[in-house]
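Please look over the structure below before reading the notes that follow. They are grouped by topic.

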Amino acid sequence: MIKIHQGVDMVNTSKLRDICMRHEGFVSEIFTEREREYCMLKKNPYQHLAGRFAAKEACLKALGWGLQGIDSIMQEIEVLHSPSGKPELQLKGWARKLATKFGITGRTVSISHSGDYAVSTVILTGEKR
Amino acid sequence: MTQDFVTGEKVVDAVKDAVAETLSIEKDTIKPESSLINDLDAESLDFLDINYRIEQTFGIKMARHFILEHIEEMFGEGSAIDEDGKLTEKAVELLKIRLGEELPGITAGTDMDDIPAHITVQSIANGVMDILDTLPEKCSCGASAWASDDGAKVKCSSCGEPAAFTNGDDLSQEWLRKVQEEKKIF
Ligand SMILES: [Zn+2]
């Protein structure tokens, strides 16, 4: 039997931009180098960073791991793109260990933006043991 | 050593300031026992904002890895969280010693994602105090002349350098090693 873990998150782009401006180090601590490069080339980088933040948080919810502070796990969930432009999740470190622990073998992510909000859903699947 | 440049009241007060500014709420509505999620409606971006503000106020670096992750790193996969995402008995025992208080509702078998609701103003302040208490006896310049103008940032009054506290992750690991040695939990 397949077990499904779902997560959703919504981020206010202005709020994220405000935090990026006030805390030097936030962007490089939360987003990977590849994510920063991708977003910073866009016309509205913060909208894209907000979408990625929402995807990371949605993935955390699907994994059942809540933030208690500044957590390196945000860097360990990376949003990449297939050649067609479809987003994909790559996990490493503790995020990957949690996924392995729960027997997760498949994952999908979807991201959308409208106005000042970005939203993302993540579905993780695995065999129920 | 236990430092006496920054008081416990000052730390709680600064955590309240960080929470009030982040969430745009009145400081008087925030109590030490307020749960950031359950009582104050903080979301994950707010958690990050609050913690960055606190780090700036005190010149410290808080842990980037939660204690459950450190436990599994040190004592092996499955030592803190089982394959259904539930806390082990040993993880609960360590959490209770670490947070130094009763944790109502947290027992072996509690879902790991129930923990963030237990984060309060006081529990954050306790974590900050633990880091501040790692103030070394002497500055790297050799002087033993710590001082604080604002009751928050400690610096050397001889060379002017900010105090080098142990970071939160190193502190968690040191703490786990010490508790394991004393209590042989694993
Ligand atoms: Zn000095």
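**Hairpin in chain A**

In the hairpin formed by strand 2 and strand 3 of chain A, 5 residues lie between the strands, and Gly85(A) there takes a positive phi near 100°. This is a predicted model, in which local features need pLDDT of at least 70, side-chain atom pairs count only at pLDDT 80 or more, and totals for chains, interfaces and linings use all residues. Residues are numbered from 1 along each chain as its sequence is written, while chains are lettered from A and ligands numbered from 1 in the order in which they are written.

- Strand 2 (residues 77-81) and strand 3 (residues 87-91) of chain A pair in the antiparallel sense over 5 bridges.
- Strands pair if DSSP finds at least two bridges between them.
- Val79(A) has Leu89(A) as its bridge partner in strand 3 of chain A.
- Helices (H or I, at least four residues) and strands (E, at least two) are DSSP runs, numbered from the N terminus.

**Where chain A touches chain B**

- In chain A, 21 residues are in contact with 23 residues of chain B (C-beta atoms, placed from the backbone, within 7 Å).
- Helix 1 (13-22) and helix 6 (93-101) of chain A each supply at least two residues of the side that touches chain B.
- Helix 1 of chain A gives the most to that side, with 3 residues.

**Helix 3 of chain B**

- The buried residues of helix 3 (residues 67-75) of chain B are Ile67(B), Leu68(B), Glu69(B), Ile71(B) and Glu72(B).
- A residue is buried if 20 or more other C-beta atoms, placed from the backbone, lie within 10 Å of its own, exposed if 12 or fewer, and partly exposed in between.
- The cover over these buried residues includes helix 6 of chain A, together with helix 4 (89-99) and helix 6 (168-183) of chain B.
- Gly76(B), with a positive phi near 105°, follows helix 3 of chain B.

Notes. Two residues are in contact if their C-beta atoms, placed from the backbone, lie within 7 Å.
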